[in-house]
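Opening the notebook on this one.

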Amino acid sequence: MNYELMIVLALLFMAVVAFMLNKPRMDVVAVCALLALPLTGSVTLDQALAGFSDSSVIVVAVFFVIGDGLVRTGIAFRVGDWLMKQSKNSETRLILLLMLSVAFLGSVMSSTGIVAIFIPILLSVATKMKADTRRLMMPLSFAGLISGMLTLVATPPNLVVSGQLQLAGHAPFQFFSFTPIGLIVLVVGIIYMLFARRFLGKKSSDTATTGHTRINFDDLATEYGLKGRNYRAQVGKGSPMIGKRLSEMHLREEHGANIIAVERRLNRLRNVVLDAVPDRVIQENDVLLFDFFYPEQVNLFLQKFNLVSLPLMSSYFNEHSREIGMVEVTIHPDSKLIDKTVLESAFRSQYGLNVMGIKRQGEVLENELVNEKLKRGDTILVVGMWRAIRQLQTMKNDFVVLTIPAEIDEVAPAMEKAPYAIIALLITVALMISGIFPTVLVAIFGALLMGAFGCITMDSAYKSIHWQSVILIVGMFPFAVALQNTGGVDLAVQFLLDMSGDASPRVLLAMLFGITAVIGLFVSNTATAVLLAPIAIQTASALGVSPYPFAMAVAIAASAAFMTPVSSPVNTLVVAPGRYSFGDFIKIGVPFVFIVMAIAVFFIPILFPL
């Protein structure tokens, strides 16, 4: 082992430890690696920066945008409505249709994104069916992971492995190269989950609930104890609020008053509801819609600021449901808000929304919320203008929307563009299948179609890209090159050959699958694919056999992150709504990984002859 290789392996070891600790963030680790490797001389500067122009990286980013078009036009939620209708109160049918729907949609958009979309849908369906979400959320996450095995663009590792084949001088995988093996895993996965659900929770009730089938504002207000805390008051003449910005009055911190919105009369015929942004200047006769944390002291607050209490028929969020929204969210596992207080995160100024309640481990926190530190798995109730809530739905790096009340149907953003989004998606997929144009050009064309049809906006397109994933791929590419330049790949290949001895190539396939799956427990599946794909391809070359079975084994194993709740963001997202423990994933996930390994080792050489 030469000196240069030892330095690269040391850097790789430090990166893996940082990934495991998640300190600093994975994308920061990747950028540090991108900076450090050229300084060691193991890669040139051009090689270190090559990931920024790699076609697979661009396709990953563009498909986040196309996925955003499916979200904004409500296609995924319409699939949820269809799912609820077709399940006909049968849990077995629900799991079958759920896994098929998630796998189908996830084959053309981010699996993390599609699982995040389906969580509130599934919570709503579970409420109607009186089903235990523990029996439903894990099938959801498993289907999300399996979707990555269905098409070339379903998950970044597939594109990474295909790109490594091209770099090695081979033809890349085609759009449907993954589909046969993925379909086999999907069918087996559905059968497996129908059996394994009995170990996750109680069977659903045989009778559906009556009344509304979706949670509404009143349900959330009752659940978080908001009833009796919302008020409507007019700013009287001489009020000390007049001419002041909301931010300079510190109403929440000093008085427990959380201003949600401001009603203002523009003329005799028209009133408007304005959002309570920090710079909002209060005028005489403005009507404040606010939540008061200490109801017994509200009269003192009204007197101090010369506010005239006005009647509410029910609550401000019911009377202004077309302007003011309410939604339940959970903190994303990689969110920058973790361990920050509501006040430190500047929630109102950053997101235009007010934190009205926090649930931790199923219990609503009773204390004042502004100084409460946010934790992983917290469920947060936020209230604000609908446009701010829609914006929140695009911030996938920080939040996952859990419960969307039925009132959103009155203010759906781009539902009328749904047919155009479907047309754009079908054209994109058809062009990819045809192979007439390079995949990257087709993906960009598909995103432009979404924009031309009005399914996305420029702002939503930029915000939809999961930049952490993009930077992670770019930053890990130099490691693969450095290992090749310093002989690390040759060393790994020789190790595999020595370990396998005279065993058949299928044994090597099983070893590669196992190594990839184990490394994927600690390192992101994308980074794992970047590191293992060159080893797999060169191992095939040393054996004098086709590289495609070995590359496919790495890609499938990278998506087989079923074993722990931290193996993939897809798993982490369902932990809170599914009330899962670490042991639940071990119990259900580990056996399924061995099943997928057996499927891969048996079928891959048949579909991709050695």
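Predicted model: local features only at pLDDT ≥ 70, side-chain atom pairs only at ≥ 80, totals over all residues.

**Aromatic rings and the sheet**

I started with a group of rings: Tyr231, Phe290, Phe292, Phe301 and Phe305 make up one aromatic cluster.

I then counted aromatic pairs and got 17. One of them is Phe175 with Phe176, an edge-to-face pair with 4.9 Å between centres and 90° between planes. I checked burial for both: Phe175 is buried at 5% relative accessible area, while Phe176 is partly exposed at 39%. Next I looked at Tyr231 and Phe290, whose planes are at 25° with the centres 5.6 Å apart, so I logged the pair as stacked. Tyr231 sits in β1 (residues 230-235) and Phe290 in β4, so this pair ties together parts 59 residues apart in sequence. Both Tyr231 and Phe290 are buried.

I read an open sheet of 5 strands, ordered β3-β2-β4-β1-β5, with antiparallel pairing. The edges are β3 (271-275) and β5 (307-309); each has a single partner strand, so one side of each lacks a neighbour in the sheet.

Zooming in on one pairing, I found 6 bridges between β2 (residues 257-265) and β4 (residues 287-292), which run antiparallel. Ala261 is opposite Leu289 of β4.

Last stop, Gly583, in helix α27 (residues 582-607). I have Gly583 down as partly exposed, at 40% relative accessible area. Its C-alpha is 9.0 Å from that of Pro565, 18 residues away along the chain.

Definitions and conventions:
Residues numbered from 1 in each chain as written. Heavy atoms only, no water. Pairing = 2+ DSSP bridges. Helix = DSSP H or I, 4+ residues; strand = E, 2+ residues; numbered from the N terminus. Buried < 20%, exposed > 50% of the residue type's maximum accessible area, 1.4 Å probe, protein only. Phe/Tyr/Trp six-rings, centres within 6.5 Å; stacked < 30°, edge-to-face > 60°.
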